[in-house]
Amino acid sequence: MLEIAGLSVRYGKHTALTETALSVKKGEIVVILGANGAGKSTLLKAIAGICEGKSTGSVTMGSDPVLGLPAHKVVERGIALVPEGRGIFGDLTVRENLLLGANPQRAREEADANFERLIRLFPKLTDRAGQTVRTMSGGEQQMVAIGRAMMSNPEILMLDEPSLGLSPLLAKELFQNLKAVRAAGLGILLVEQNAKLSLAIADRGYLLENGRILREDKASILLHDPAVQAAYLGGAAGHATGPAKPTPVPQAAPATPTPRAPSTASVPSSQIAGLDIDALVSSAAQKAVRPPSTLTPAYTTSAPRADHLRQTLSAIESAARQPRPSSLPPLRAQARPNAPTASAPTVQRPTPGAPTPIPGGRVDVYRRRPGTSQFDKTEV
Ligand SMILES: Nc1ncnc2c1ncn2[C@@H]1O[C@H](COP(=O)(O)OP(=O)(O)OP(=O)(O)O)[C@@H](O)[C@H]1O
């Protein structure tokens, strides 16, 4: 169904993918294994229409060409991507995130059916429909991200390292969920560091190295191949999880989830479809542009900023109260609204201690009495 042939991607002079070929059929899970920088994310991004590099070759969905289409058109062709890091809206509820997934034209008419399919696959989502997503555990958030992608009614679901950041238990649950998605008839293209778990559920696998596909085989064969074990499973199947990458920090579930709205035991599909998708999309777009205060942890409350301001002001005030050092030259005499006007039109900058005499003329210099608004006249 998804066919990739001769796909190459360059970022400027750097070639990230070279003549890549692979396919994903309906109802199968295909996993891409590769070390850091092998080009796995680039492959998914090039298919999804969000790659910053220059892509050449061919990507087709059925008989439709896909390569080069903008991301929203790729989704309309039936390909959905769950990006690394999930890309969900943490400030929105589960229901709102799912509804955003139903924005593509191909999904709008079938939003009810897609939602029914989703809650059959992930019944937990119905209990959490009103919960704000950022209050959920990493595994639950990943489920929302997959759920949102599925609401676009895809035939191919692509996932970029979905187990990243999940505890082993949550990762296991995630891979069980992917089996359920496959059973629903979707094709899955999976990029994973967790070679053991992903090969255990996959049908086929590709090994990608330095942007080239080195090998393609059945997942069960790859899983038990000594060379694959050495490269991706730490030398012994079942003990390691893939090539070197910093061990993800498991996301703990919050002690007490705080739903924004009371949890609904069951959400009828009409409740999903009843929301206004366009309004939600534009509100989500606004929320995605965060004010600077939410981006800088130090300024998440106004107190530290106010303290800093107060300290700065008091430092300026106390500096202003300091007596002026006598070595500094006096300020240039200026006309003041309530002071007598100097008889000469210009006053030269005086030397310290004594005003400079003006040749051929007399200058009246007015000095302010300290602490008053009175002026004393001096003739020069
Ligand atoms: N936007 C970009 N601009 C320039 N080079 C890039 C860009 N994105 C990726 N690359 C380079 O392309 C190569 C492949 O990167 P890619 O992210 O696809 O690898 P990966 O296999 O997904 O790695 P990882 O597992 O570390 O995420 C790397 O050398 C990377 O530095």
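Which element supplies the largest share of the shell around the ligand? The answer is helix H1, with 3 residues.

## About the model

This is a predicted model, where local features need pLDDT of at least 70, side-chain atom pairs count only at pLDDT 80 or more, and totals for chains, interfaces and linings use all residues. Residues are numbered from 1 along each chain as its sequence is written. Helices (H or I, at least four residues) and strands (E, at least two) are DSSP runs, numbered from the N terminus.

## Around the ligand

Let's begin with the ligand. The residues around it are Tyr11, His14, Ala16, Gly34, Asn36, Gly37, Ala38, Gly39, Lys40, Ser41, Thr42 and Glu52; each has its C-beta atom, placed from the backbone, within 6 Å of the ligand. Strand S2 (14-24) and helix H1 (40-48) each give at least two residues to this shell.

By class, the shell holds 3 nonpolar, 7 polar and 2 charged residues. Here Ala, Val, Leu, Ile, Met, Phe, Trp, Tyr, Cys and Pro count as nonpolar, Asp, Glu, Lys and Arg as charged, and the others, Gly among them, as polar.

## Helix H1

H1 is largely enclosed by the rest of the structure, because 8 of its 9 residues are buried. A residue is buried if 20 or more other C-beta atoms lie within 10 Å of its own, exposed if 12 or fewer, and partly exposed in between, with C-beta atoms placed from the backbone. The buried residues of H1 are Lys40, Thr42, Leu43, Leu44, Lys45, Ala46, Ile47 and Ala48. After H1 comes Gly49, with a positive phi near 80°.

## Helices H7 and H8

Now to a pair of helices. H7 (residues 138-150) and H8 (residues 168-183) pack at an angle of about 20°, with their axes 9 Å apart. They are therefore roughly parallel to each other, a term for angles under 35 degrees.

In H7, Gly138, Gly139, Gln142, Met143 and Ile146 meet Leu170, Glu173, Leu174 and Asn177 of H8; contact is counted when C-beta atoms, placed from the backbone, lie within 7 Å. This contact has 4 nonpolar, 4 polar and 1 charged residues.

## Two positive phi values

Glu19 has a phi near 45°, positive although the residue is not glycine. Glu19 sits in strand S2 and is partly exposed, with 13 other C-beta atoms within 10 Å.

Asn153, also a residue other than glycine, has a positive phi near 60°. Asn153 lies in the loop between H7 and strand S7 (156-160), and counts as buried with 24 C-beta neighbours inside 10 Å.

Technical notes: Axes are lines fitted to C-alpha atoms, for helices over the stretch in contact, and angles run from 0 to 180 degrees between N-to-C directions. Angles under 35 degrees count as roughly parallel, over 145 as roughly antiparallel, 65 to 115 as roughly perpendicular and the rest as oblique. Two residues are in contact if their C-beta atoms, placed from the backbone, lie within 7 Å.
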